[in-house]
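Here's a quick tour for anyone meeting this structure for the very first time. Have a look at the sequence and the model, then follow the notes below.

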Amino acid sequence: MNIIIVGCGRVGQTLAEKLNSDGNDVTVIDTSAEKVKTVADRCDVMGVIGNGATLAVQQEAGVDNADLLIAVTNSDELNLLCCMIAKKAGNCQTIARVKNPDYSKEAPYLKDELGLAMVINPEYAAAEEIARVLWFPSAIKIERFAKGKVELIKFRLPKDCKIIGMSVKDVVTKLHCDVLVCTIERGDEAYIANGDFVFAEKDVVSIVASPKKARDFFGKIHYKGHSIKDAIIVGGGSITHYLCEILERSSLSVKIIEKDRKVCDELCSKWPKVDVIHGNGIDREVLLEEGVDKAGAFVALSNLDEENIILSLYAKDAGSSKTITKINRIDYDNVINRLDLDTMICPKNIISDSILRYVRATKNAQGSNVETLYNIIQDKVEAAEFIVKENSPIAGTPLSELKFKDNVLIASILRNKTVLIPRGHDVIEPGDNVIIVSKQIGLHDVADVLR
């Protein structure tokens with residue numbers, strides 16, 4: 001596809017990298033010559049310097065032949081204007097980033113009235129992911145497929161976990177758990193699970209199952225879960241606002257530490273049930289005074305990655321049961337992954353996965369198309385959900401007889417609202433939702449997993 005990205009900030013650069021590596025022709029636009037050059041050189045894409053909300057600049061970027069324009073500048077209004085112009089001038093599909101909480105409830109209206117393909121909000125998507133982890137704190141990460149009927153849950157094995165020393169096949173045969181182990185991360189290595197793989201302490205494991213079967217599994221392996229009753233959040237930005245909105249009807253008690261008095265007043269006005277503390281969240285004395293050592297969860301949402309990492313490490317050492325850390329830059333993910341952090345949230349990656357899913361689905365490959373897409377292990381292992389069509393070569397043959405490429409796993413089949421954990425004798429049928437876990441990044445069609 002020919003894709004134009006307006007805005008060369010963090011989200012724009014991530015999209016340029018991923019969409020280009022996925023085989024699309026990408027052009028970026030920004031008023032900053034330095035940002036355009038950085039993204040164009042780093043991602044090997046075309047660059048245009050100028051205001052992306054003007055017809056002349058969009059035409060220079062090739063809007064007449066574009067299939068998709070994505071506007072991700074820091075201005076919601078500018079993003080919407082870019083999309084309106086592109087829709088009129090090039091008749092292409094458009095996606096706008098809209099992050100202001102004032103517009104969040106207007107998103108469906110804006111999408112319909114302006115003819116947008118998508119309205120994306122990285123901050124709201126990040127808040128949703130944080131809320132899922134707070135509700136199920138045993139997990140590092142939870143992704144949902146098939147409209148919530150299937151979950152992919154990532155968790156770390158503590159030293160006393162029952163399955164340490166067991167093989168993957170033992171989990172099924174000895175514990176009678178109806179889950180599928182998908183991936184294991186050990187140090188810098190990532191593995192697609194096979195039956196003989198033996199679990200070790202500190203492995204990060206991903207499983208796929210229905211929500212009920214997943215909770216049964218954690219009970220059988222005696223995984224020490226706990227419900228969170230209270231959380232301390234450092235930082236009162238957009239993600240915190242959305243998180244308060246999502247958690248408003250839950251029983252979880254929320255305390256926010258924010259150094260900007262105006263932001264504190266806004267939060268108090270909007271969320272009267274939330275405790276808002278005017279103070280510097282990086283101050284150790286403030287954290288101790290507000291009970292960081294007794295908190296069920298600690299969520300670091302400042303604008304600086306370094307602050308968030310240090311705060312989470314301190315909170316964990318002080319006694320917080322669960323830490324959640326916002327990370328904007330993933331350049332040093334190999335180093336960050338070695339730290340004793342529980343859950344890391346990267347808003348730009350959450351939203352880039354969503355746009356990649358849309359782009360791949362739009363290409364509409366012959367046998368099926370992508371419904372849901374997640375990076376389980378960033379740039380190493382992907383999980384993609386497909387709806388299998390009549391003419392798909394993967395349908396009608398037992399899985400044991402299909403010739404799959406290396407490092408491919410059929411993780412789950414959803415058929416008539418029933419979740420099936422696939423075994424060798426199972427046969428995929430047209431209309432099934434199939435989840436595939438693979439080291440092959442960039443699957444467009446379910447048939448891509450066959451030799």
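Leaving out residues up to four places away in sequence, alanine 131 touches Leu243, Ile246 and Leu247, where contact means heavy atoms within 4.5 Å. This is a predicted model, in which local features need pLDDT of at least 70, side-chain atom pairs count only at pLDDT 80 or more, and totals for chains, interfaces and linings use all residues. Residues are numbered from 1 along each chain as its sequence is written, and side-chain values use heavy atoms, with hydrogens and water left out.

**Alanine 131 and its helix**

- Alanine 131 is found in helix α7; helices (H or I, at least four residues) and strands (E, at least two) are DSSP runs, numbered from the N terminus.
- With a relative accessible area of 0%, alanine 131 is buried; buried means under 20% relative accessible area, exposed over 50%, and partly exposed in between (1.4 Å probe, protein chains only).
- Alanine 131 and cysteine 244 sit 113 residues apart in sequence, yet their C-alpha atoms are 9.4 Å apart in space.

**How α7 meets α10**

- Helix α7 covers residues 122-135, and its axis comes within 8 Å of that of α10, crossing at roughly 50 degrees.
- Those axes are lines fitted to C-alpha atoms, for helices over the stretch in contact, and the angles run from 0 to 180 degrees between N-to-C directions.
- That makes α7 and α10 oblique to each other; under 35 degrees counts as roughly parallel, over 145 as roughly antiparallel, 65 to 115 as roughly perpendicular, and the rest as oblique.
- The crossing of α7 past α10 is right-handed: a crossing is left-handed if the near helix is turned anticlockwise from the far one by less than a right angle, and right-handed if clockwise.
- On the α7 side, the contact includes Tyr124, Ile130, Ala131 and Trp135, while the α10 side includes Ile239, Tyr242, Leu243 and Ile246.
- Sorted by class, the contact of α7 with α10 has 12 nonpolar, 1 polar and 3 charged residues.
- For those classes, Ala, Val, Leu, Ile, Met, Phe, Trp, Tyr, Cys and Pro count as nonpolar, Asp, Glu, Lys and Arg as charged, and the others, Gly among them, as polar.
- Helix α10 (residues 238-247) is mostly covered, with 8 of its 10 residues buried.
- Among the buried residues of α10 are Thr240, His241 and Cys244.

**How α1 meets α2**

- Helix α1 (residues 10-21) packs against helix α2 (residues 33-43) at an angle of about 25 degrees, with their axes 10 Å apart.
- The two helices, α1 and α2, are therefore roughly parallel to each other.
- Gln13, Ala16, Glu17 and Asn20 of α1 make the contact with Thr38, Val39, Arg42 and Cys43 of α2.
- By class, this contact of α1 with α2 has 3 nonpolar, 3 polar and 2 charged residues.

**Cysteines**

- A disulfide is a pair of cysteine sulfur atoms within 2.5 Å, and by this rule the count comes to 0 disulfides.
- Cysteine 161 has its closest cysteine sulfur in cysteine 177, 11 Å away, which is too far for a bond.
- Cysteine 161 counts as buried, at 6% relative accessibility.
- Cysteine 264 is in no disulfide either, as the nearest cysteine sulfur, that of cysteine 268, is 6.5 Å away.
- Cysteine 264 is also buried, at 3% relative accessibility.

**Spots in the loops**

- Serine 210 lies in the loop between β11 (204-209) and α9 (211-220).
- At 16% relative accessibility, serine 210 counts as buried, and beyond its neighbours within four places in sequence it is in contact with Lys149 and Val419.
- Lysine 202 isn't a glycine, but its phi is positive, about 75 degrees.
- You'll find lysine 202 in the loop between β10 (189-192) and β11, where lysine 202 is exposed with a relative accessible area of 59%.
- Asparagine 407 also has a positive phi, near 60 degrees, in a residue other than glycine.
- The loop between β19 (381-388) and β20 (408-415) holds asparagine 407, which counts as partly exposed at 37% relative accessibility.
- Aspartate 188, in the loop between β9 (180-186) and β10, is partly exposed at 38% relative accessibility.
- The C-alpha atoms of aspartate 188 and asparagine 337 are separated by 8.4 Å, with the two residues 149 apart along the chain.
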